[in-house]
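Here are my notes on this one, in the order I'd go through them with the model open on screen. I begin with the pocket, then move on to the sheet and a few spots in the loops and helices.

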Amino acid sequence: MSIVVRFTPDTLTTEMYDESVRLLGERGNLPADGQLLHICFGTSPNLVVSEVWESREQWRAFLEQLIPVLSTVGIDPGDPEVFEVHNMLSASVPAR
């Protein structure tokens, strides 16, 4: 079952976010297996990240790569909210 994960760190600047994406890319962790969508939004220093994953297991596997990078950059992700997806519509995903 697909899930939505929402990270709302106490502090997330554009610089911190961009550096974490750069490091994940350099380490070959992007695109992540099972990650259907990643979006960062809001206003620095209070950015929010939401992701859609094919499964909870794939998200948990990616966390093993993500957490060390966030720590290196100084991002405390807090406790992400995780929701099961009931339905998802997009140009690349047909309606169920």
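1. Let's start with what the largest pocket is lined with. Keep in mind that this is a predicted model. Sorted by class, the lining has 13 nonpolar residues, three polar ones and one charged one. The pocket's volume comes out at about 250 Å³. There are 17 lining residues, and those closest to the centre are Tyr 17, His 38, Val 49, Glu 51 and Leu 66.

2. Which elements build that lining? At least two residues each come from helix 1 (14–26), strand 2 (35–41), strand 3 (48–53) and helix 2 (56–73). Helix 1 gives the largest share, with four residues.

3. Four strands make an open sheet in the order 2-3-1-4, and the pairing is antiparallel. Strand 2 and strand 4 are the edge strands, each pairing on one side only. If you ignore direction, neighbouring strands are turned by 15 degrees against each other on average. Helix 2 packs on this sheet and touches strand 1, strand 3 and strand 4. The direction of helix 2 makes about 30 degrees with that of strand 1.

4. What does strand 1 pair with? On one hand there is strand 3, which runs antiparallel to strand 1 and is joined to it by five bridges. In that pairing, Phe 7 stands opposite Val 49 of strand 3, and Val 49 is also one of the residues closest to the centre of the largest pocket. On the other hand there is strand 4 (residues 81–84), again antiparallel, with four bridges to strand 1. Here Val 5 sits opposite Val 82, while Arg 6 sits opposite Glu 81.

5. Leu 30 and Pro 31 are joined by a cis peptide bond with omega of about -5 degrees. Pro 31 belongs to the loop between helix 1 and strand 2. The bond from Ser 44 to Pro 45 is also cis, with omega near 15 degrees, and Pro 45 is in the loop between strand 2 and strand 3.

6. Is Asn 29 buried or exposed? Asn 29 lies in the loop between helix 1 and strand 2. Its relative accessibility is 14%, so Asn 29 counts as buried, the cut-off being under 20%. Not counting residues up to four places away in sequence, Asn 29 touches Leu 24, Phe 62 and Gln 65.

7. Why does Gln 58 count as buried? Because its relative accessible area is 18%, which is under the 20% cut-off. Gln 58 is part of helix 2. With neighbours within four places in sequence left aside, Gln 58 is in contact with Asp 33, Gly 34 and Trp 53.

Key:
Residues numbered from 1 in each chain as written. Predicted model: local features only at pLDDT ≥ 70, side-chain atom pairs only at ≥ 80, totals over all residues. Heavy atoms only, no water. 1 Å grid on protein atoms, 1.4 Å probe; cavity = no way out; pocket = protein on both sides within 12 Å on 5 of 7 lines; lining within 4 Å. Points joined across faces, edges and corners; volume = space filled by probe spheres on them. Nonpolar A, V, L, I, M, F, W, Y, C, P; charged D, E, K, R; others polar. Buried < 20%, exposed > 50% of the residue type's maximum accessible area, 1.4 Å probe, protein only. Contact = heavy atoms within 4.5 Å. Pairing = 2+ DSSP bridges. Axes fitted to C-alpha atoms, helices over the stretch in contact; angles between N-to-C directions.
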